[in-house]
Amino acid sequence: MSSHISKSNLNIIHNKPAKRFETSIEGQTGYISYQDRDGKLVYDHTIVPQQLGGRGVGSALVKHALDYAQEQDKKVIPQCSFVSSYIHKHPEYQNLL
């Protein structure tokens, strides 16, 4: 059985004071942080603890963050290379740039 995590069983919360979307699994917290600059969301860091690596946590966080940007009708500036490559691989998000 794969340990890959789907977005549906990942509890991602929007921690507004910390300006990040985060999820905790097995006591480890992964997150994507952002800055709100001139009405654009600057996604600057995607942090996934090593213990959670390779399980799709980072991708789920990025997808959640991009869906949020779409819902809020905000443009995205992907400062983080992980976010940038995710958008590159998923054309449905390229209108956010």
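Biologist: Is Pro-91 buried or exposed?
Modeller: Pro-91 is exposed, because its relative accessible area is 55% and the cut-off for exposed is over 50%. Keep in mind that this is a predicted model.

Biologist: Where is Pro-91 found?
Modeller: Pro-91 is in the segment after H2.

Biologist: And how far apart are the C-alpha atoms of Pro-91 and Asn-9?
Modeller: Those C-alpha atoms are separated by 24 Å, and the two residues are 82 residues apart along the chain.

Biologist: Back to H2. At what angle do H1 and H2 pack?
Modeller: Helix H1, residues 57-71, and helix H2, residues 81-89, pack at about 75°. Their axes are 10 Å apart. That angle makes H1 roughly perpendicular to H2, because the range for that label is 65 to 115 degrees.

Biologist: Which residues make the contact?
Modeller: From H1, Gly-58, Ser-59, Val-62, Lys-63 and Leu-66. From H2, Phe-82, Val-83, Tyr-86 and Ile-87.

Biologist: How many of those are nonpolar, polar and charged?
Modeller: The contact of H1 with H2 has six nonpolar residues, two polar ones and one charged.

Biologist: How far is Gly-56 from Asp-38, by C-alpha atoms?
Modeller: The separation is 31 Å, for residues 18 apart along the chain.

Biologist: Then Asp-38 itself. Where is Asp-38 found?
Modeller: Asp-38 is in the loop between S3 and strand S4, which covers 40-47. At 74% relative accessibility, Asp-38 counts as exposed.

Biologist: What about the phi of Asp-38?
Modeller: Asp-38 has a positive phi of about 50°, although it is not a glycine. Most residues other than glycine have a negative phi. Glu-26 also has a positive phi of about 50°, and Glu-26 is not a glycine either.

Biologist: Where does Glu-26 lie?
Modeller: Glu-26 lies in the loop between S2 and S3. At 60% relative accessibility, Glu-26 counts as exposed.

Biologist: New topic, aromatics. How many aromatic pairs are there?
Modeller: The count comes to four aromatic pairs. Among them is Phe-21 with Tyr-34, whose ring centres are 5.6 Å apart with planes at 35°, so the pair is tilted.

Biologist: Which strands hold Phe-21 and Tyr-34?
Modeller: Phe-21 lies in strand S2, residues 20-25, and Tyr-34 in strand S3, residues 28-37. The pair therefore ties together parts that are 13 residues apart in sequence.

Biologist: Buried or exposed, for Phe-21 and Tyr-34?
Modeller: Phe-21 counts as buried, at 1% relative accessibility. Tyr-34 counts as buried too, at 9%.

Biologist: What kind of pair do Tyr-34 and Tyr-43 form?
Modeller: Tyr-34 and Tyr-43 form an edge-to-face pair, 6.3 Å centre to centre with 75° between the planes. Tyr-43 is buried, with a relative accessible area of 1%.

Biologist: Which residues form the cluster?
Modeller: Phe-21, Tyr-34, Tyr-43 and Tyr-68 form one aromatic cluster.

Biologist: What lies over the face of Tyr-31?
Modeller: Arg-20 does, at 4.0 Å from the ring centre.

Biologist: Last one, Thr-29. What does Thr-29 touch?
Modeller: Leaving out residues up to four places away in sequence, Thr-29 touches Arg-20, Glu-22, Thr-23, Ser-24 and Pro-49. Thr-29 has its place in strand S3 and is partly exposed, with a relative accessible area of 30%.

Biologist: And how far apart are the C-alpha atoms of Thr-29 and Leu-10?
Modeller: They are separated by 12 Å, with the two residues 19 residues apart along the chain.

Notes: Residues are numbered from 1 along each chain as its sequence is written. This is a predicted model: local features need pLDDT of at least 70, side-chain atom pairs count only at pLDDT 80 or more; totals for chains, interfaces and linings use all residues. Side-chain values use heavy atoms; hydrogens and water are left out. Rings of Phe, Tyr and Trp (its six-membered ring) pair if their centres lie within 6.5 Å; planes under 30 degrees apart count as stacked, over 60 as edge-to-face and the rest as tilted. Helices (H or I, at least four residues) and strands (E, at least two) are DSSP runs, numbered from the N terminus. Buried means under 20% relative accessible area, exposed over 50%, partly exposed in between (1.4 Å probe, protein chains only). A charge sits over a ring if NZ of Lys or CZ of Arg is within 6 Å of the ring centre and within 35 degrees of the ring normal. Axes are lines fitted to C-alpha atoms, for helices over the stretch in contact, and angles run from 0 to 180 degrees between N-to-C directions. Angles under 35 degrees count as roughly parallel, over 145 as roughly antiparallel, 65 to 115 as roughly perpendicular and the rest as oblique. Contact means heavy atoms within 4.5 Å. Ala, Val, Leu, Ile, Met, Phe, Trp, Tyr, Cys and Pro count as nonpolar, Asp, Glu, Lys and Arg as charged, and the others, Gly among them, as polar.
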